[in-house]
Amino acid sequence: MPVQLLKITEGQSETPLPSHLQKKDLKHLEEGCDHADKYIQGVAVLSYPLMKLGDGTDFLKVVLQDLDNLCSRINSINILIYGKMAEDCAKVMRHGDIFVVAGFKVNNSPTAREDGRHRCHLEVSEEAGSAIYIYTKSRKTAASETASMFVAPKYVYTPLNHLKDGTIVNLYGVVKFFKPPYISKGTDYCSVVTLVDPSNVKLTCTLFNGNLDSLPKIYKIGDIVRFHRIKIREYNGQMQGITSGGFASLTFDGNAGAPIVPRTSSKVYTFMDEEQKTIEELRLWAASNISISGPAAKLSCVQPMLYFDLTCQLVGKAKVDGSSFLLKVWDGTKCPYPTWKVPVEAEDLEGEKALLHQLRNLTVDILVYDNHVQLAKSLKIGSFLRIYSLHTKQASADSEDVSHIEFHLHGGTGYGRGIGVLPESNPDVKELKVCLESVDQAGSQNMESTASLEFDDTFSNVTDLESHLQRCQQLPVTVLTDHQDLSNTELKTIVSSTAPQQYRIRAKLRTYKPQKLHQSVKLHCSKCNSLQEVPDADGFDLILQGSAITAPNPELHNTSWYDSVMWTTQDQKQRKIAIHFVKHDEMLQQPEDTLLMIEGGTLKEIWKLTKRFNCVIPVRSTEDDLELLDLSAPFLLQGNVKYYGCKQCSTPKPLRNLSSIAAEQRPSWEPAEIAQVLGIELLQYVFVMKFTLVDGTGALNAYLFDHEKFFQIPASEILTNNFLQEKMQMTMNTLCPPGKKLDDLPWLECFIKSYNVRDAIKQQVYYQIFDTTVAEDVV
């Protein structure tokens with residue numbers, strides 16, 4: 001048998017190893033040697049979940065620690081097990097078992113620099129003639145005996161305000177924001193979570209794993225997580241967390257009084273009694289400091305132009321085209337508007353046909369796009385889902401006068417957009433199942449009758465329904481994010497008071513400027529506090545044309561930190577174009593992770609490159625080095641966003657400084673980090689608007705100066721994203737509906753602060769909106 005258990009009695013193995021095997025020390029491992037008759041021995045200190053590779057082969061990764069040096073990380077090695085051996089090992093192995101691996105293949109480990117283990121790893125499989133022997137005590141007595149040998153470690157947890165760059169720590173935190181797992185630009189799944197704790201410090205963690213189940217099982221804001229062995233790094237003055245070797249997590253319901261049951265895919269973990277107290281304390285703190293997510297919205301409450309989270313059950317799915325996928329879901333309630341039915345062929349629709357027909361008036365069709373399609377395809381019919389940041393859109397069919405509602409889960413992960421699968425033990429799922437079962441019991445009668453009965457029970461007549469909708473429209477359209485101790489102050493009192501002061505107000509937005517919302521986007525320098533207009537594309541194109549006059553210098557090609565390619569265009573000008581690909585660990589990365597520098601390219605050519613490569617920097621040659629273009633042009637392009645530097649505050653440094661980022665274990669190529677090493681003072685995209693606010697006692701002009709908090713839209717993307725432009729316009733139409741009388745305008749709650757501005761003639765008082773955001777369900 002390729003995997004064998006060898007029983008230990010009185011410290012000796014009852015079955016000896018085959019006599020032809022010779023022991024090999026870790027320090028003497030070499031590639032290219034014959035290891036058919038060699039074996040290594042160690043303690044299994046870490047194992048990863050069993051997974052399947054792309055071709056369906058089972059795969060298991062185990063970390064062995066040298067028995068002679070149990071403290072040094074460099075004396076541990078990764079064992080990669082393939083096929084049936086992986087499956088067999090996963091069934092019988094336990095942490096602390098002594099492993100013997102024989103007949104292995106040695107290869108360089110691509111993760112050695114990241115995990116700090118041996119520079120090589122071992123590959124074993126039944127097809128290669130490998131064998132694994134696991135020394136184990138009697139399973140009946142092993143638990144107590146092992147307990148005496150392997151004591152559960154006492155973990156130390158670091159508060160978020162004590163984190164230090166370059167450390168690997170254990171920590172607890174409350175989830176303030178998260179993105180459900182999604183396929184990253186590589187092959188791993190990625191999840192982003194922002195944590196807070198009573199130290200009032202925020203930590204954003206970016207977590208990667210090839211196994212979806214190994215990422216934290218977070219279902220809502222307010223959940224509590226425990227992270228073990230997370231790496232901390234400082235970026236742009238803020239601490240960030242990233243996964244490291246051995247990373248593990250537990251997740252707990254953040255609601256006070258809920259059972260303290262960890263969510264994890266790991267079968268082996270420690271959880272001490274004293275940690276229950278930690279969780280209870282975090283729950284109490286979060287209850288008064290975090291806006292805990294409530295139950296997801298019901299289909300019976302949806303309105304057009306709404307963004308909301310939906311908890312539902314999947315009853316059908318179908319492929320629509322290459323970039324979209326259909327999910328048919330229900331939650332036991334009926335949408336009050338006609339809903340869009342996505343046309344698909346009957347044979348393409350997965351799901352129980354009888355149930356789909358029975359529920360045809362209670363299900364809604366949701367189209368998911370782009371990066372969500374792969375996950376949507378893998379969902380099982382009957383599973384319970386939470387769909388985050390679902391968008392309802394009102395539309396009319398070309399051949400119909402009646403409008404209907406469409407449900408869309410747009411591409412990307414902004415605002416936590418994504419799909420989560422909930423277990424049946426989840427409290428919201430239990431509540432949902434009660435609702436679904438009550439509908440089933442309401443009749444074997446047709447669903448039209450059931451739906452009308454449900455509506456009649458809720459609203460006795462049309463007048464009641466209209467009153468309900470009016471009450472919904474009176475809900476706050478803005479949310480206060482801090483300073484809850486402040487009480488409302490009338491505008492007439494504010495206008496007559498001295499500055500500077502802070503106020504909480506309740507007012508209506510009578511007018512705003514600019515009316516053309518794209519004109520509100522400016523570039524701001526935080527160092528000199530200057531504002532400037534966003535340059536237009538024509539100016540950038542002229543700068544590029546001017547730089548293309550000078551041909552690339554071949555002597556600057558193919559250095560130690562970048563590889564170069566040059567060619568001549570086939571047009572009349574026969575321009576010389578050079579592209580320099582920045583290397584990582586002396587190797588080129590995948591296009592989606594690559595930063596490149598381009599000489600001689602046109603605006604059109606550069607935009608084409610940004611669609612394929614992560615970051616693009618326009619440069620030109622000098623006699624001695626490459627350098628950035630004039631700072632009137634963007635120094636970096638990433639996706640659809642152009643990043644500019646402040647001419648007054650920037651002191652450009654040599655481009656070779658980029659090699660310091662390329663040398664990192666996982667280069668992030670974040671614009672702020674690139675700007676820092678290049679001596680660029682990064683200009684931030686901001687919204688600058690003037691709101692005229694009234695409350696019946698007076699009026700004042702308050703300025704909005706914000707980059708993404710108020711609208712929950714990044715100002716850097718608004719100029720190139722039609723969807724975000726529509727969302728911003730819908731937001732302003734909600735805050736200040738066109739054509740409405742003053743009495744019909746909605747009330748806004750917001751904070752404003754007064755401040756003095758003195759010019760050469762006089763001093764004036766100005767007002768600025770702060771710590772306020774538009775409610776998520778406004779649009």
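1. The largest nonpolar core has 66 residues, and those that touch the most other members are Met-597, Ile-617, Leu-658, Ile-674, Phe-691, Phe-711 and Ile-752. A nonpolar core here is a set of buried Ala, Val, Leu, Ile, Met, Phe, Trp, Tyr and Cys residues joined through side-chain atoms within 4.5 Å; buried stands for under 20% relative accessible area, exposed for over 50%, and partly exposed for what lies in between (1.4 Å probe, protein chains only). A second, separate core of 37 residues includes Val-193, Phe-247, Val-342 and Tyr-369.

2. The model is predicted: local features need pLDDT of at least 70, side-chain atom pairs count only at pLDDT 80 or more, and totals for chains, interfaces and linings use all residues. Numbering starts from 1 along each chain as its sequence is written, and side-chain values use heavy atoms, with hydrogens and water left out.

3. Residues up to four places away in sequence aside, Met-597 touches Trp-561, Tyr-562, Ala-578, Ile-579, His-580, Val-582, Ile-617, Val-619, Leu-626, Leu-655 and Leu-658. Contact means heavy atoms within 4.5 Å.

4. Helix α12 (residues 603–610) has Leu-603, Ile-606, Leu-609 and Thr-610 as its buried residues. They cover an arc of only 120 degrees around the axis, so they sit on the same side of α12; the arc is that of the directions from the helix axis to the C-beta atoms. Lys-604 and Lys-608, on the other side of α12, are exposed. Helices (H or I, at least four residues) and strands (E, at least two) are DSSP runs, numbered from the N terminus.

5. The buried residues of α12 pack against α11 (537–547), β28 (576–582), β29 (595–599), β30 (615–621) and β32 (636–638). Thr-610 has a relative accessible area of 8%. Neighbours within four places in sequence aside, Thr-610 is in contact with Val-616, Leu-637 and Gly-639.

6. Five strands close into a barrel in the order β12-β13-β14-β16-β15, with mixed pairing. The twist averages 50 degrees from one strand to the next. Axes are lines fitted to C-alpha atoms, for helices over the stretch in contact, and angles run from 0 to 180 degrees between N-to-C directions. Helix α4 (residues 273–289) packs on the sheet and touches β12 (168–183), β13, β15 (224–235) and β16 (238–252); the direction of α4 makes about 60 degrees with that of β12.

7. Two strands pair if DSSP finds at least two bridges between them. The bridge partner of Tyr-189 in β14 is Asn-209.
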